[in-house]
Amino acid sequence: MNVGVCKLELRLAENESLKGKRRVIQSIITRLKNKYNVAVAEVDNQGLWQLATLGITCVSNHRIHANETLSNVIRFVAQNYPEVEMLSSEIEVFPAF
């Protein structure tokens, strides 16, 4: 079993409030959960209305599959949310047990 972990740092440059940020981030989280069956949470910068950090994780039998899934998640966010600037992305896959 392998656990894949991804960290996405995002900038919502045109956003003007925490309410607007929450709307965009909740849309991203819901779509990622439905499309890729991953766990997603906002893990940092909750009080800042133009920055967001998402933690995303998946479990797979194969290391390559976990890495591909998380790479597809990053690509999906970049392609489907042009109003969001991706500042950085990191993927790590760990063997479990």
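1. A salt bridge here is a side-chain nitrogen of Lys or Arg within 4 Å of a carboxyl oxygen of Asp or Glu. The side chains of glutamate 85 and arginine 11 meet that rule, with N to O at 3.2 Å. Glutamate 85 belongs to strand S4 (residues 85-95) and arginine 11 to strand S1, so this pair ties together parts that are 74 residues apart in sequence. Glutamate 85 is partly exposed at 38% relative accessibility, and arginine 11 is partly exposed at 33%. The model is a predicted one, and the points below should be read with that in mind.

2. The count of salt bridges by this rule is three. Another of them joins glutamate 42 to lysine 21, where the closest N and O atoms are 2.8 Å apart. This pair links distant parts of the chain, with glutamate 42 in strand S2 and lysine 21 in helix H1, 21 residues apart.

3. Lysine 7 is partly exposed, at 36% relative accessibility. Glutamate 9 is partly exposed as well, at 26%.

4. Helix H1 has 19 residues, which at 1.5 Å a residue should span 27 Å; the end C-alpha atoms are 26 Å apart, which agrees. Its buried residues are Gly20, Lys21, Val24, Ile25, Ile28, Ile29, Leu32 and Tyr36. Seen down the axis of H1, these residues fall within an arc of 160 degrees, so they line one face of the helix. Lys21, the salt-bridge partner of glutamate 42, is one of the buried residues of H1.

5. Which elements cover the buried residues of H1? The cover includes strand S1 (2-11), S2, S3 and helix H2 (63-80). On the face of H1 turned away from the buried side are the exposed residues Lys19, Arg22, Arg23 and Asn34.

6. The backbone at asparagine 37 deserves a look. Its phi is positive, about 55 degrees, although the residue is not a glycine. At 70% relative accessibility, asparagine 37 counts as exposed.

7. Glutamate 16 sits in the loop between S1 and H1. It counts as exposed, with a relative accessibility of 70%. Its C-alpha atom is 6.8 Å from that of tryptophan 49, although the two residues are 33 residues apart along the chain.

8. Glycine 4 has its place in strand S1. Is it buried or exposed? Glycine 4 is buried, and its relative accessible area is 0%. Leaving out residues up to four places away in sequence, glycine 4 touches Ile56, Thr57, Cys58, Ala66, Leu70, Glu92 and Val93. Leucine 48, by contrast, lies 27 Å from glycine 4, C-alpha to C-alpha, and 44 residues from it in sequence.

9. Threonine 53 is a residue of strand S3. It is buried, with 2% relative accessible area. Residues up to four places away in sequence aside, threonine 53 touches Lys7, Leu8, Glu9, Ala41, Glu42, Val43, Asp44 and Asn45. Among these contacts are Lys7, Glu9 and Glu42.

10. Where threonine 53 is buried at 2%, valine 59 counts as exposed at 57% relative accessibility. Valine 59 contributes, together with Met1 and Phe97, to a nonpolar surface patch of about 440 Å².

Conventions:
Residues numbered from 1 in each chain as written. Predicted model: local features only at pLDDT ≥ 70, side-chain atom pairs only at ≥ 80, totals over all residues. Heavy atoms only, no water. Patch = residues over 30% accessible without salt bridge, like charges linked within 9 Å, V, L, I, M, F, W, Y side chains within 5 Å. Areas by Shrake-Rupley, 256 points an atom, 1.4 Å probe, with all protein chains shown as cover. Buried < 20%, exposed > 50% of the residue type's maximum accessible area, 1.4 Å probe, protein only. Helix = DSSP H or I, 4+ residues; strand = E, 2+ residues; numbered from the N terminus. Expected span 1.5 Å × (residues − 1). Arc of directions from axis to C-beta. Contact = heavy atoms within 4.5 Å.
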